[in-house]
Amino acid sequence: MSDAHMIYFSTTDPSTHAHIPRGPYTSLSDFTTNFLEAVTDPSPAWMLYAVIDKTRPSSPPTSDPSGALAGTIAYLQSSAEHRVTEIGFVITLPPFQRTHVTSNAVGLLLQYAFDSPEYGGLGLRRVQWCANSVNTASRKVAERMGFVFEGVIRWDKVFKDGMNRGKVGNGRGEPPGAEEGDIGRDTALYGISWEEWGNGAREKVGRIMEKR
């Protein structure tokens with residue numbers, strides 16, 4: 001099975017798209033055309049990964065010999081010039097929620113982001129995390145993994161036709177001129193800098209990843 005097939009199958013549950021601007025997708029073709037080819041593939045700021053749980057065997061419709069497909073995760077908004085990135089598009093399938101999967105996936109990306117190039121990492125200065133302000137689960141993950149809360153960006157995004165796409169917004173009325181069905185999102189901003197990583201965050205993440 002191709003990587004595109006695997007990632008698509010991890011995004012077919014509509015509930016996993018409630019707090020993010022993109023999706024859900026109606027077919028593999030829709031996902032490939034309107035996400036992979038239009039968003040991630042042409043952008044050097046994106047790197048999308050399938051999350052595999054090696055503690056469980058794979059099951060249909062996927063057949064990865066290394067384990068079970070558990071979700072997706074990505075680097076996005078990356079800048080080589082400023083040495084920053086964002087961890088996002090974190091989708092954990094329902095059977096793997098409240099397990100070690102999300103913490104380990106986030107931890108691996110943090111380690112790779114902050115480790116120096118001599119140790120195989122990227123040597124970045126900052127990693128950020130942007131969550132829908134009402135997405136309690138996402139915010140708890142960020143806080144558990146050592147991200148520092150930096151504030152709420154009000155009216156940060158528009159979920160186009162969000163009312164018909166299962167999106168969850170800020171719960172406030174739309175401004176004059178908004179299109180019918182649109183929903184506004186406030187974004188809770190979190191970040192970890194290289195300073196925090198070197199002053200205890202690295203060890204904290206390591207301890208979390210050792211738990212099962």
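Biologist: Before we start, what counts as an aromatic pair here?

Modeller: Two rings of Phe, Tyr or Trp (its six-membered ring) pair if their centres lie within 6.5 Å. Keep in mind that this is a predicted model.

Biologist: Fine. How many aromatic pairs does that rule give?

Modeller: The count is 11 aromatic pairs. Take Tyr 25 and Phe 31: their ring centres are 5.3 Å apart and the planes sit at 75°, an edge-to-face pair.

Biologist: Is Tyr 25 buried or exposed? And what about Phe 31?

Modeller: Tyr 25 is buried, at 10% relative accessible area. Phe 31 is buried too, at 0%.

Biologist: Got another pair, and how are its rings arranged?

Modeller: Phe 149 with Tyr 190, which is tilted: 5.3 Å between centres and 55° between planes. That pair ties together distant parts of the chain, since Phe 149 is in strand β5 and Tyr 190 in strand β6, 41 residues apart.

Biologist: Which of those counts as partly exposed?

Modeller: Phe 149, with 42% relative accessibility. Tyr 190 is buried at 0%.

Biologist: Back to Tyr 25. Which residues do ring pairs link into a cluster?

Modeller: Tyr 25, Phe 31, Phe 35, Trp 46 and Phe 89.

Biologist: What's the backbone doing at Phe 89?

Modeller: Phe 89 has a positive phi, about 45°, though it isn't a glycine. Phe 89 belongs to strand β3 and is buried, with 9% relative accessible area.

Biologist: Where does Arg 83 sit, and what is its phi?

Modeller: Arg 83 is in the loop between β2 and β3. Its phi is positive as well, about 60°.

Biologist: Which peptide bond is cis?

Modeller: The one from Gly 23 to Pro 24, with omega near -5°. Pro 24 lies in the loop between α1 and α2.

Biologist: Switching to helices. How do α3 and α5 cross?

Modeller: Their axes come within 10 Å and cross at roughly 145°. The crossing is left-handed.

Biologist: Who makes the contact?

Modeller: On α3, the residues include Leu 108, Leu 110 and Phe 114. On α5, Trp 194, Trp 197 and Ile 208 are among them.

Biologist: And how do the contact residues divide by type?

Modeller: 8 nonpolar, 4 polar and no charged.

Biologist: Last one. Which residue lies over the face of Phe 159?

Modeller: Lys 167, at 5.8 Å from the ring centre.

How values were computed:
Residues are numbered from 1 along each chain as its sequence is written. This is a predicted model: local features need pLDDT of at least 70, side-chain atom pairs count only at pLDDT 80 or more; totals for chains, interfaces and linings use all residues. Side-chain values use heavy atoms; hydrogens and water are left out. Rings of Phe, Tyr and Trp (its six-membered ring) pair if their centres lie within 6.5 Å; planes under 30 degrees apart count as stacked, over 60 as edge-to-face and the rest as tilted. Buried means under 20% relative accessible area, exposed over 50%, partly exposed in between (1.4 Å probe, protein chains only). Helices (H or I, at least four residues) and strands (E, at least two) are DSSP runs, numbered from the N terminus. A charge sits over a ring if NZ of Lys or CZ of Arg is within 6 Å of the ring centre and within 35 degrees of the ring normal. Axes are lines fitted to C-alpha atoms, for helices over the stretch in contact, and angles run from 0 to 180 degrees between N-to-C directions. A crossing is left-handed if the near helix is turned anticlockwise from the far one by less than a right angle, and right-handed if clockwise. Contact means heavy atoms within 4.5 Å. Ala, Val, Leu, Ile, Met, Phe, Trp, Tyr, Cys and Pro count as nonpolar, Asp, Glu, Lys and Arg as charged, and the others, Gly among them, as polar.
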